[in-house]
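Here is a structure to explore, with a pocket, some salt bridges and a patch of surface to look at. Take a moment to turn it around before reading on.

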Amino acid sequence: MPELDPPEGFRAIADRLESAGFEAWGVGGAIRDALLGVERADWDIATNARPEQVQGMFRRTVPLGIEHGTVGVISPDGAMYEVTTFRRDVETDGRHAVVEFAGSIDEDLSRRDFTINALAWRPATGEIRDPHGGREDLDRRILRAVGDPAERFAEDYLRVLRGLRFAGRYSLEIDPVTRTELEAAVSGLGRLSAERVREELLKGLAGPDAGEILALYADIGALETWYPELAAVARKDPRWASTLAAIDAIPAHRSSLRLVRLLLSLPRDGDPDGTQATELLDRLKCSNAETRRAVHLWREYLPLVSPADSAARIREWLSEVGVEHARDLFRLHFAVARAAGASESERVLLHSWRRVHDELVSGAPISLADLAVDGNDLIELGLPSGPLVGLMLEELSAQVIEDPSRNERETLLAEARELIELGALDVLDDI
Ligand code: ATP
Ligand code: MG
């Protein structure tokens with residue numbers, strides 16, 4: 001038995017529960033990861049104390065889900081631990097469960113999804129509970145459902161996606177019976193809520209081996225229900241493999257950028273606006289802000305600037321893509337080059353990025369906000385407020401992007417006056 005080395009806060013909370021006469025067990029992912037030697041911060045606790053008793057025992061608690069038995073306890077070191085009363089399922093429908101409190105840790109473990117997640121360790125005694133052979137499966141690198149796989153997936157179809165995440169993340173072979181039932185249960189994925197499916201995808205994207213997890217989604221047929229566009233790419237497009245490699249080349253904590261990288265595998269021919277990407281994100285009920293940002297990056301991914309471009313062209317590109325998105329666009333391109341081992345492309349990208357960076361720090365005007373005049377100035381010149389003001393600002397902005405020395409109030413007002421007299425805005429309106 002390797003030494004388990006939980007965080008101090010976990011020990012403090014467990015000690016407190018035990019000295020009040022309750023059992024306190026570390027459970028689930030914390031024990032799995034500790035046995036694998038994987039560092040992690042969140043150690044969940046299972047106990048026979050009832051939620052009200054837990055609340056009464058600690059000074060700082062958060063009611064995370066009292067009806068499900070979960071209380072957040074803030075440890076003396078300021079971290080929050082989830083303390084959950086032993087539970088059993090009394091009713092399941094494929095997407096949520098009605099639970100009641102159970103009497104023993106073993107009962108609690110038998111409602112968990114996979115053997116490797118159904119482990120518990122009691123720091124007070126050093127005892128390990130492993131009624132489903134999770135440690136052996138961990139040692140042999142096998143993913144196996146607890147109990148009857150078909151039943152377990154039908155209770156909650158999210159387990160299908162969770163299973164693929166664990167298999168990809170820990171390089172587990174899926175036990176043959178579990179695998180057969182997992183493939184069969186894919187047809188139930190449509191019953192899940194968009195939110196759970198999205199959170200599960202983001203969890204996969206936020207860890208190591210995200211590419212492997214997505215490859216498993218594709219192999220098992222788990223893309224079809226929620227991501228049919230991606231399933232089509234995975235079936236026939238060589239870009240699928242390079243996309244997965246590029247995802248892994250983006251740092252894991254940038255999971256939303258990894259999601260954009262995933263969407264970039266969708267064909268651009270016939271869909272330059274990224275309608276498919278938008279539909280996919282809407283289906284997942286991503287927030288409007290998230291969707292807007294992701295689709296913006298998708299659209300502006302190409303064309304990128306090159307080292308041969310003029311400074312004026314680089315500023316123009318920056319104003320088109322938005323200063324705040326430039327770095328992310330480069331990150332997306334860098335990931336592809338790195339994944340392909342294309343050091344020449346990386347060198348060119350680095351050169352381009354230096355040019356972009358130079359313009360960013362030069363203080364040269366790039367966005368409308370940098371312009372030495374604003375809409376009110378133009379209205380004072382006699383321009384009617386409305387769309388013409390915006391058009392005029394854009395025209396002036398284009399001029400100062402080309403030639404930053406023109407970004408002087410008097411110069412721009414004179415230019416605006418001239419354009420108004422020439423009636424040039426009518427023409428601008430047409431183009
Ligand atoms: P990680 O946090 O590293 O993704 P984890 O194992 O901690 O992995 P959580 O989703 O945090 O996963 O859940 C904690 C534990 O609760 C799991 O280890 C598992 O025992 C149990 N569990 C979570 N979701 C389910 C589910 N849908 N069905 C059955 N058991 C579950
Ligand atoms: Mg967890």
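What follows is a short tour of this model, which is predicted.

Let's start with the largest pocket. It holds about 1600 Å³ of space. Its lining is made up of 47 residues, and D44, R87, D113, R162 and K203 lie nearest the centre. What kinds of residues make up the lining? They split into 23 charged, 13 nonpolar and 11 polar. Several elements supply at least two lining residues each, including helix 2, strand 3 and helix 9. Helix 7 gives the most, with 6 residues.

Next, the salt bridges. The count comes to 32, and here are three of them:

| Pair | Closest N and O atoms |
|---|---|
| D156 and R196 | 3.0 Å |
| D237 and R239 | 2.7 Å |
| R331 and D328 | 2.8 Å |

Take the D156 and R196 pair. D156 sits in the loop between helix 6 and helix 7 while R196 is in helix 9, so the bridge ties together parts that are 40 residues apart in sequence. D156 is buried, at 12% relative accessibility, whereas R196 is partly exposed at 28%.

R331 and D328 are another story: they are 3 residues apart in helix 17, so about one helical turn separates them. Buried or partly exposed, which is R331? At 25% relative accessibility, R331 counts as partly exposed, while D328 is buried at 11%. Elsewhere, R32, D33, R40 and D42 are joined into one network by salt bridges that share partners.

Finally, the surface. V62, L64 and M80 make a nonpolar patch of about 220 Å². V62 belongs to strand 3 and is partly exposed, with 31% relative accessibility.

Notes
Residues numbered from 1 in each chain as written. Chains lettered and ligands numbered in written order. Predicted model: local features only at pLDDT ≥ 70, side-chain atom pairs only at ≥ 80, totals over all residues. Heavy atoms only, no water. Patch = residues over 30% accessible without salt bridge, like charges linked within 9 Å, V, L, I, M, F, W, Y side chains within 5 Å. Areas by Shrake-Rupley, 256 points an atom, 1.4 Å probe, with all protein chains shown as cover. Salt bridge = Lys/Arg side-chain N within 4 Å of Asp/Glu carboxyl O. Helix = DSSP H or I, 4+ residues; strand = E, 2+ residues; numbered from the N terminus. Buried < 20%, exposed > 50% of the residue type's maximum accessible area, 1.4 Å probe, protein only. 1 Å grid on protein atoms, 1.4 Å probe; cavity = no way out; pocket = protein on both sides within 12 Å on 5 of 7 lines; lining within 4 Å. Points joined across faces, edges and corners; volume = space filled by probe spheres on them. Nonpolar A, V, L, I, M, F, W, Y, C, P; charged D, E, K, R; others polar.
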